[in-house]
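Take a walk through this chain, from its overall layout down to single residues. Keep the coordinates open as you read.

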Amino acid sequence: MSTLIYPAAFYVLYIFALFLSLMVVRVRAVKSGKVAMAYFATYSGEGPPEWIVVLGRHYDNQFQVPLLFLLTCSVLMHAGVQDGLTQGLAWLFVASRLAHTWVHLHGNIVARRLQAYALGWFTIVALWIRVLLAA
């Protein structure tokens, strides 16, 4: 089995942990009366506090560029590309997303968030260069 499964699996579990966090804070917000359950049916009307909205948006972000990472890992595994450089790049992508989370959920400094986001993109491009070189 390819060792690329580890950063990919870690990232999937990480997305699941974000889901659980979002679910818990939303349930607590409804139970405490801060948000009406009806809000989550259509996402209209008076919504949750801003920090819950930010967490929700951050969770949604996990279904944009990170899906390209998971697809890229699958292609690399299929192509049998699993050298140290590829492993390092895969873990660098994961680290960039962890940094993105930290920035997004702890102060949300847009310039720093952009740096983490861009690092993830450059890592994806570098991984695809690995795919093309192996083809």
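This is a predicted model: local features need pLDDT of at least 70, side-chain atom pairs count only at pLDDT 80 or more; totals for chains, interfaces and linings use all residues.

Residues are numbered from 1 along each chain as its sequence is written, and side-chain values use heavy atoms, with hydrogens and water left out.

Start with the layout. The chain has 6 helices and 0 strands. Helices (H or I, at least four residues) and strands (E, at least two) are DSSP runs, numbered from the N terminus. Along the sequence the pattern reads α-α-α-α-α-α. The C-alpha trace spans about 55 × 30 × 20 Å along its principal axes. Of the 135 residues, 37% count as buried. Buried means under 20% relative accessible area, exposed means over 50%, and partly exposed is in between (1.4 Å probe, protein chains only). Contact means heavy atoms within 4.5 Å. Among contacts between residues at least 6 apart in sequence, 79% join residues at least 24 apart.

Now the helix pair. Two packed helices are described by the angle between their axes and the distance between the axes. The axes of helix 5 and helix 6 come within 8 Å and cross at roughly 160 degrees. Helix 5 is therefore roughly antiparallel to helix 6. Angles over 145 degrees count as roughly antiparallel, under 35 as roughly parallel, 65 to 115 as roughly perpendicular, and the rest as oblique. The axes are lines fitted to C-alpha atoms, for helices over the stretch in contact, and angles run from 0 to 180 degrees between N-to-C directions. Helix 5 contributes residues including Leu-85, Leu-89, Phe-93 and His-100 to the contact, while helix 6 contributes, among others, Ala-116, Gly-120, Ile-124 and Arg-130. The residues of this contact divide into 13 nonpolar, 6 polar and 4 charged. Here Ala, Val, Leu, Ile, Met, Phe, Trp, Tyr, Cys and Pro count as nonpolar, Asp, Glu, Lys and Arg as charged, and the others, Gly among them, as polar.

Next, the charges. Side chains of opposite charge can pair when their charged atoms come close. The structure holds 1 salt bridge, defined as a side-chain nitrogen of Lys or Arg within 4 Å of a carboxyl oxygen of Asp or Glu. Which side chains meet in it? They are those of Asp-83 and Arg-130, at 2.2 Å, N to O. The pair links distant parts of the chain, 47 residues apart. Asp-83 sits in the loop between helix 4 (65–79) and helix 5 (84–105), and Arg-130 in helix 6 (residues 110–134). Asp-83 is partly exposed at 32% relative accessible area, whereas Arg-130 is buried at 17%.

Asn-61 lies in helix 3 (residues 50–61). Is Asn-61 buried or exposed? With a relative accessible area of 18%, Asn-61 is buried. Leaving aside neighbours within four places in sequence, Asn-61 is in contact with Pro-66, Arg-97, His-100 and His-104.

Finally, check the backbone. Most residues other than glycine have a negative phi. Tyr-43 has a positive phi, near 55 degrees. Tyr-43 lies in the loop between helix 2 (39–42) and helix 3 and is partly exposed at 47%. Asn-108 also has a positive phi, near 50 degrees. Asn-108 is found in the loop between helix 5 and helix 6 and is partly exposed at 26%.
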